[in-house]
Amino acid sequence: MPNVVVEVRDLAKAYGSTVAVDGVSFEVHEGEIFGLIGPNGAGKTTTLECLQGLRRADRGTVRVLGLDPRSDAMELRRRIGVQYQEAQLQKRIKVWEAVDLWASLYPSVVDPADLMARLGLESKRDAWFMTLSGGQKQRLFIALALIHEPDVVFLDELTTGLDPQARRAIWGLVTAIRDRGKTVFLTTHLMEEAERLCDRVGIIEHGRLIELGTPDELVGRHCPEHAVVFESDDAEIDGALEGLDDVTSTSAVGTTHTVHGVGPRFVTHVIQAIANQGVEVRNFRTETPTLEEVFLKLTGHGIRD
Ligand SMILES: Nc1ncnc2c1ncn2[C@@H]1O[C@H](COP(=O)(O)OP(=O)(O)OP(=O)(O)O)[C@@H](O)[C@H]1O
Ligand SMILES: [Mg+2]
């Protein structure tokens with residue numbers, strides 16, 4: 001059994017008449033990257049804030065490293081690292097000053113120079129916060145979250161607004177945190193990010209957890225259909241493919257043929273049928289459903305809020 005690092009049982013939190021979190025339960029295991037994903041206003045930040053002891057839940061229990069985030073706040077603060085959605089610092093604080101200031105808040109910290117090197121911030125050590133790019137600011141916030149070598153790191157939307165290079169660099173940093181044996185709890189809107197980075201994800205909508213599992217499990221559960229796409233001048237091929245047990249549909253637009261199907265042997269059967277028919281095909285490829293398709297299927301396509 002994996003060690004449970006974060007335990008959430010029937011968590012609920014409302015702001016006046018707005019129900020932000022509505023009876024959520026899940027666990028995060030030691031050494032995993034767990035992603036809470038969901039549309040705008042789904043309750044991700046509120047859940048994180050309850051886990052960090054920043055908000056009092058209306059109902060339910062929350063434990064982080066076995067601690068109650070409200071009554072064991074001091075102890076917990078030493079053992080978790082936090083990067084906030086839309087965090088800011090003073091405009092003219094220098095990178096090294098921010099790292100120094102954060103280091104002064106904890107009884108035991110990692111070597112600041114080593115940390116800045118790990119996050120690629122050495123060349124910016126004397127730069128003012130306001131002169132950093134979005135990606136550099138995020139790297140600084142990750143550095144600040146890691147200064148006291150926490151056991152659990154909470155990252156709220158850490159790559160929103162970053163370009164693909166910066167995003168990938170940050171994915172590497174997050175994976176490195178996990179590889180050092182730490183547990184990472186993150187939220188994101190980017191399904192590609194969740195799929196590549198997270199060992200497990202929970203999907204939250206309207207304050208309720210509607211799915212939980214590895215990205216592969218969720219794709220298998222909700223979008224089991226794969227597609228084979230190829231070009232061929234032979235219109236007869238669709239008829240032959242339709243006869244296969246694992247094919248669910250075929251369609252053709254011009255010379256481009258698309259075959260949908262399910263099951264582990266679907267692609268092999270399509271290849272065999274094409275070979276048996278002696279048909280010439282070009283640009284053969286398979287299309288596998290992604291977490292994004294699962295997300296859209298479960299949460300709809302409309303804009304929230
Ligand atoms: N301080 C607050 N006062 C009143 N309502 C709030 C407050 N914070 C959040 N809410 C409301 O609670 C709900 C959940 O908000 P929350 O910030 O937890 O969502 P989120 O999933 O983090 O969204 P996003 O993806 O946009 O960051 C929303 O309807 C929001 O308007
Ligand atoms: Mg949020």
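Biologist: Hello! Which element gives the largest share of the lining of the largest pocket?

Modeller: Welcome! Keep in mind that this is a predicted model. Helix H2 (73-79), strand S5 (80-83) and helix H5 (134-146) each supply at least two residues of that lining. The largest share, 4 residues, comes from S5.

Biologist: Thanks! How much space lies in the largest pocket, and which residues are the closest to its centre?

Modeller: The space in the largest pocket comes to about 360 Å³. Its lining is made up of 20 residues, and the closest to the centre are Arg-77, Val-82, Tyr-84, Trp-102 and Tyr-106.

Biologist: How many nonpolar residues does the lining of the largest pocket have?

Modeller: Let us sort the lining by class. It has 5 polar residues and 1 charged residue. The nonpolar residues number 14.

Biologist: Let's turn to ligand 1. Which residues come nearest to ligand 1?

Modeller: There are 15 residues around ligand 1. Sorted by class, this shell has 4 nonpolar, 8 polar and 3 charged residues. The ones that come nearest are Gly-41, Lys-44, Thr-45, Thr-46 and His-189.

Biologist: Which element gives the most to the shell around ligand 1?

Modeller: Strand S2 (18-29) and helix H1 (44-51) each supply at least two residues of the shell. The one that gives the most, with 3 residues, is H1.

Biologist: What percentage of the area that ligand 1 exposes when taken alone does the protein bury?

Modeller: Start with the contacts to oxygen atoms of ligand 1. A polar side-chain atom of Lys-44 lies 2.7 Å from an oxygen atom of the ligand, and a polar side-chain atom of His-189 also lies 2.7 Å from an oxygen atom of ligand 1. For Ala-42, a backbone N or O atom lies 3.1 Å from a ligand oxygen atom. Taken alone, ligand 1 exposes 640 Å², and the share of this that the protein buries is 66%.

Biologist: Now for the whole chain. What distance separates the centres of domain 1 and domain 2?

Modeller: The chain is divided into domain 1, covering 4-220, and domain 2, covering 225-288. Taken over C-alpha atoms, their centres are separated by 44 Å.

Biologist: Which residues line the largest cavity?

Modeller: The count of cavities of 30 Å³ or more comes to 1. The largest cavity has a volume of about 60 Å³. By class, its lining has 3 nonpolar, no polar and 4 charged residues. By name, the lining residues are Arg-118, Leu-146, Glu-149, Pro-150, Ile-177, Arg-180 and Lys-182.

Biologist: I also wondered about the backbone at Leu-65. Where does Leu-65 lie?

Modeller: Leu-65 is not a glycine, although it has a positive phi of about 55°. Its place is the loop between strand S4 (59-64) and H2.

Biologist: And one last question: what is the phi of Glu-157, and where is its place?

Modeller: Glu-157 is not a glycine, yet its phi is positive, at about 55°. Its place is in the loop between strand S6 (152-156) and helix H6 (164-179).

How values were computed: Residues numbered from 1 in each chain as written. Chains lettered and ligands numbered in written order. Predicted model: local features only at pLDDT ≥ 70, side-chain atom pairs only at ≥ 80, totals over all residues. Heavy atoms only, no water. 1 Å grid on protein atoms, 1.4 Å probe; cavity = no way out; pocket = protein on both sides within 12 Å on 5 of 7 lines; lining within 4 Å. Points joined across faces, edges and corners; volume = space filled by probe spheres on them. Nonpolar A, V, L, I, M, F, W, Y, C, P; charged D, E, K, R; others polar. Near = heavy atom within 4 Å. Polar contact = N/O pair within 3.5 Å; in protein donor to acceptor, adjacent residues only side chain to side chain. Areas by Shrake-Rupley, 256 points an atom, 1.4 Å probe, with all protein chains shown as cover. Domains from an automatic or database assignment.
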